[in-house]
Amino acid sequence: MEKTEIEGLWTHIHWLSVLEEHGTYTAAAARLGVSKSAVSQRICDLEKATGTRLVTRTTRSVRLTEAGLSLTREVRSAYEQIARSFSSVRDSVGEIRGLVRLTAPVAFARQQLVPHLSAFLQQYPQVRIQLDVSDALSSLAAEGYDLAVRHGFQVPETHVAWKLCDTGSVLVATRDYLQRHGEPREPGDLSSHNCLFYPRGTDQPAWTFERGSKHVERLTVPIAGSFATNNSEALRDAALSHLGIALLPDFSAHAALASGTLVQALKGWTLKGAFADEIYLIRPYSPHVPKSVSALVSYLKGKLSGGFRFVP
């Protein structure tokens, strides 16, 4: 095959890579901004040019054959380099622009992240943000994310991290609940309370407390309650319904504490090990960082670096 013929198939190969990534012609067409029939025709043309089947079609999805996978693996790094080079040239001139794909935990995204994104997008009208809200720890490189918010995350060597803010854990309840059941004075008093907690495996739930600076006193007390969930917003809402005393990350409790709808219990004690102490922004390492990504990182650090500690 002549070089000019191969050059004429570059777009076809790129579309095949997009089809591999998205798994259906409909999704690939949406990503490329073309019709489903156009994608199908390009793949057929590519199969004719190579003389072999590249895609196996089923009723619900498509998958690449070994030949198709071999082709996309060989060219993936080249296309990624082209994308980086294009972004670098575009970022070197003009205003900040482009798509930033961001993933973040559900509660943090809803309560702390989304409220700041509107002002950022008004400040940078040529930037677009695609936010995936999920508690699953997706692979940034595999899923194509530019940034991720991670709550106490061990950063891989292949990634770069910025500390976004400190965070902590608090015990909260409504005044109504505490008036009816009594306010705990010591961690051991929690044995007589309905404790709302984040489940950790099948072990007996327990909370660990510390107080003091020079001579640290440390206590781990077993707790029990009628409601457990892996979502801090749900725990907060259960506490707001006067159900019991909830253990929350401070970013989930901050607004309710500030409004007085929840109050903090056992203020003299520090909770340990319940949730991580730091929140990070991370990205896969690359020699070139789009200006849109850098701008979003700087903006969020400026807005959230103070953390969420409530001071009445």
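The model is predicted, so local features need pLDDT of at least 70 and side-chain atom pairs count only at pLDDT 80 or more, while totals for chains, interfaces and linings use all residues. Residues are numbered from 1 along each chain as its sequence is written, and side-chain values use heavy atoms, without hydrogens and water.

In soluble globular proteins, nonpolar side chains tend to be buried together. A nonpolar core is a set of buried Ala, Val, Leu, Ile, Met, Phe, Trp, Tyr and Cys residues joined through side-chain atoms within 4.5 Å; buried means under 20% relative accessible area, exposed over 50%, partly exposed in between (1.4 Å probe, protein chains only). The largest such core has 25 residues, and Phe108, Leu113, Val149, Leu164, Ile279 and Leu296 touch the most other members. Among the elements that give two or more residues to this core are strand E3 (98–104), helix H6 (106–123) and helix H11 (291–304). Helices (H or I, at least four residues) and strands (E, at least two) are DSSP runs, numbered from the N terminus. H11 supplies the largest share of the core, seven residues. A second, separate core of 20 residues includes Leu171, Leu190, Phe209 and Ala265.

Val133 lies in strand E4 (residues 127–133). Val133 counts as partly exposed because its relative accessibility is 37%. Beyond its neighbours within four places in sequence, Val133 is in contact (heavy atoms within 4.5 Å) with Ala104, Pro105, Val106 and Ala109.

Elsewhere, Ser232, Glu233, Arg236 and Leu240 of H9 make the contact with Phe251, Ser252 and Ala256 of H10.
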